[in-house]
Amino acid sequence: PSFSKHFNTLSKGIKGELKDLEWVKSKKTAKLIFSLKKSSHFMGDGEIFEKSKKFEIEVIPKALTILH
């Protein structure tokens, strides 16, 4: 992607408008479990989690929006 597309994505993120981009999909959930092929770090709510292949995250109901 071009610089302008990266800049547009960054500016939407700063304004809390990522969901307005057509390629972003969002879902609300109370629990999220995801597995990776290789161990990796994961950052959630500003905290870096220990390196792992599997992460389980629970949140207050309807408090988490996943952007992918």
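Trainee: Before we look at contacts, what does contact mean here?
Mentor: Contact means heavy atoms within 4.5 Å. In the protein chain, among contacts between residues at least 6 apart in sequence, 42% join residues at least 24 apart.

Trainee: And what sort of model is this?
Mentor: This is a predicted model, in which local features need pLDDT of at least 70, side-chain atom pairs count only at pLDDT 80 or more, and totals for chains, interfaces and linings use all residues. Residues are numbered from 1 along each chain as its sequence is written, and side-chain values use heavy atoms, with hydrogens and water left out.

Trainee: Which pattern does the protein chain follow along the sequence?
Mentor: The pattern is α-β-β-β-β, that is, one helix and four strands. Helices (H or I, at least four residues) and strands (E, at least two) are DSSP runs, numbered from the N terminus.

Trainee: How many bridges link β2 and β3?
Mentor: Strand β2 (residues 31–44) and strand β3 (residues 47–58) pair over nine bridges in the antiparallel sense; pairing requires that DSSP finds at least two bridges between two strands. As one of these, L32 has I57 in β3 as its bridge partner.

Trainee: What about the turn, then?
Mentor: The two strands form a hairpin with two residues between them, and D45 in the turn has a positive phi of about 55 degrees.

Trainee: Changing topic, how many aromatic pairs are there?
Mentor: The count comes to five, where rings of Phe, Tyr and Trp (its six-membered ring) pair if their centres lie within 6.5 Å; planes under 30 degrees apart count as stacked, over 60 as edge-to-face and the rest as tilted. The ring centres of F49 and F55 are 6.4 Å apart with planes at 80 degrees, so this pair is edge-to-face. F34, F42, F49 and F55 form one aromatic cluster.

Trainee: Is F55 buried or exposed?
Mentor: F55 is buried, with a relative accessible area of 6%, whereas F49 is partly exposed at 28%. Buried means under 20% relative accessible area, exposed over 50%, and partly exposed in between (1.4 Å probe, protein chains only). Buried residues make up 9% of the 68 residues in the protein chain.

Trainee: Which side chains meet in a salt bridge?
Mentor: Those of E56 and K54 do, at 3.6 Å, N to O. A salt bridge is a side-chain nitrogen of Lys or Arg within 4 Å of a carboxyl oxygen of Asp or Glu, and the count is one. E56 is partly exposed at 48%, and K54 is partly exposed at 47%.
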